Amino acid sequence: MTFLSETDAIGRDLPRRDGSAKVMGTATYAYETPLDDAVYLHLIQATIARGRVTEWDTAAAEALDGVVAVLTPRNAERLASTEDRELAVLQDEEIHFRGQVIAAVVADSSEVARQAAAVVRVGYAQVAHDAELRADDDNLYAPEKVNAGFPTDTAEGDVEAAMAAAEVTVEETYTTAMYHNNPMEPHATAALWDPAGEGFLTLWDSTQGVHPTRSKVASVFGLDKAQIRVVCPYVGGGFGSKGQPHVNVVLAALAARAVPGRPVRLALTRQQMFSLVGYRTPTIQRCRLGADRGGTLSAVAIDVVEQTSRIKEFAEQTGVPARMMYASPNRRTTHRLAALDVPVPSWMRAPGECPGMFGPEVAMDELAERLGMDPVDLRIRNEPDVEPGSGKPFSSRDLVGCLREGAARFGWSTRDPRPGVRRQGDWLVGTGVAASTYPVSRMSESTATIRREGDRYITEIGAADLGTGTWTTLPQIAADALGVPVAHVDVRIGDTDYPMASVAGGSSGMTTWGSAVVEAARAFREKYGTEPPDGAEASGSVGPPDDRYAMHAFGAQFAEAHVHADTGEVRVRHLLGVFAAGRIINPRTARSQFIGGMTMGLSMALHESSVLDPRTGHVVNHDFAEYHITANADVAKIEAHWLPEHDTHVNAMGSKGIGEIGIVGTAAAVSNAVWHACGVRVRDLPITLDKVL
Ligand code: MOS
């Protein structure tokens, strides 16, 4: 494979092309799309967790000046497909979770819509519900597969025998909390139904994928994809919650079809987002490690219990990273689900790896403690030659390099391994380490078109920039592949008028869309050489991955925690991550992804926790006053570094995905540092002061 290097477009820390528009407020978000004569939609949510609506009183709402319609299951359009029960909104009067949408008001202003929603009265027939995840529940079942198509259970060798024979063991249960994605921009959709001809639906939606959204909406409404356009130039974050359309998209479209010719605007409130747009399931992880006195692992097992909703299954693949992290001849992973009367869980930054590297990476620290061995050395000792499970060679794996580089930068060699012996004034101080990993994924469908317009090279692909840098990094890839200056390349993304692009999910965007762009550039150069005429155009599509290799990014996270000796308050003064994540397209946007992920991991370690009251099925802390998120003042010093890595097997750029690995392992590193500071093992997130006192 040859790389054109004359432009040096890849690897430059170019500022984000959308940066000034976002900062200055000129970037147009979905809800702000200029549309004349718009109406506004406000949702009404169930206040019981299970049952049905038996009585409606919408008269007071309908009588309000400015109300256009009150949509209920009794008058709403029948959808063509109700197979996806999360999206089958207003189709019947059954209630499957608290917060489910039962009705919606359309009005001339958002204020009137909200006021009208507040005066709709309903009567319920309530039945008993179950909204509590329990590890010993007899309702637990094994799903057919877990997220991303992984097998539910895996087993090699004999874990029981290996545990019985092991010289040193760890057997503990770890838990992670329920988390909500909470991007800064709430989910918002504007919709316009033009009834002319067969009809045409335009959606301006805050989404991680305009094409996947179009496909889903087409199937729900029984429309042809050609009858739908989805537009989304800018996204104020998603973290997975905008990776698939949620009920807001269907409701906006339903309402638009009820008022043809008038645009409808819908923005979810922060509180509504806690029941309607997905969340990360809480997890219960029974982890077992067995080793000899020298620290060589003989058994690795993780049995995961987590929840899904009764109406739609989502099985977070929490046990998956334990399948490939460390060498061990005996290994077992299982996933069991409880289907509860709760909202539908979904993707949240690094589904699987994020919770699944908490239990095992704290367990590794506990094993190091019991062995009297350094936790960095323990991980290096158990480095596999090939991917455990599959036996495939790694396309590249430099976890050891990350651990060593991180240890050197963090000053690990002077660490006293004893817990609870360092004090700075009233604070106990400790340091901890954990590993990170995230798979390199490539989606199967994406196409890019490159066209010469004057002295510009226009690259079109219906990709997304959810704050990750796509507007900036795709031109770098195109310029590199075309051998032209990056300043001559424009990209057009975020619109189904541009060619098919996969979802911005699973850290797959650059691998997938970048590969399509490189293919388009190759076709362009083959066709036109280095002197393309005005109007010259060529397309290219992503090909299949090279499945002879196991492809993953790796990292090492180091944390310094301070625990107040009297109050138990925990502060993380320093976070340092080192990553081996392939070629870095743009150090500026990459650093932002790494430290953003690490900050979210710190948030998971110390603050975030959705408190679901099983008596009501309600997430009680459903706003930023009570759902605490790490803020600037909590972060102190945070560093992300990376090793030079150019993996020629993963894709034409040599890059691995970097959007998610930063969150992986951070919470374990913090918990391990808290133990080192004060001697208390916190196995249940978040690490609040009651757990260390
Ligand atoms: Mo990411 S949770 O796959 O958007």
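1. The model is predicted: local features need pLDDT of at least 70, side-chain atom pairs count only at pLDDT 80 or more, and totals for chains, interfaces and linings use all residues. Residues are numbered from 1 along each chain as its sequence is written.

2. Strand β25 covers residues 570-580; strands here are DSSP runs of E with at least two residues, numbered from the N terminus. Eight of the eleven residues in β25 are buried, where buried takes 20 or more other C-beta atoms within 10 Å of a residue's own, with C-beta atoms placed from the backbone.

3. Strand β24 (residues 552-564) runs antiparallel to β25, and ten bridges join them. Two strands pair if DSSP finds at least two bridges between them. In this pairing V563 lies opposite V570 of β25. The two strands form a hairpin with five residues between them, and G568 in the turn has a positive phi of about 80°.

4. β25 also pairs with strand β28 (residues 637-642); these two run parallel, with six bridges. Here V578 is opposite H641 of β28.

5. T54 belongs to strand β2 (residues 51-57). Is T54 buried or exposed? T54 counts as exposed because it has 11 C-beta neighbours inside 10 Å; the cut-off for exposed is 12 or fewer, and values in between are partly exposed.

6. Apart from neighbours within four places in sequence, T54 is in contact with G123, Y124 and A125; contact means C-beta atoms, placed from the backbone, within 7 Å. T54 and Q126 are 72 residues apart in sequence, and their C-alpha atoms are 9.7 Å apart in space.

How values were computed
Helices (H or I, at least four residues) and strands (E, at least two) are DSSP runs, numbered from the N terminus. Two residues are in contact if their C-beta atoms, placed from the backbone, lie within 7 Å.
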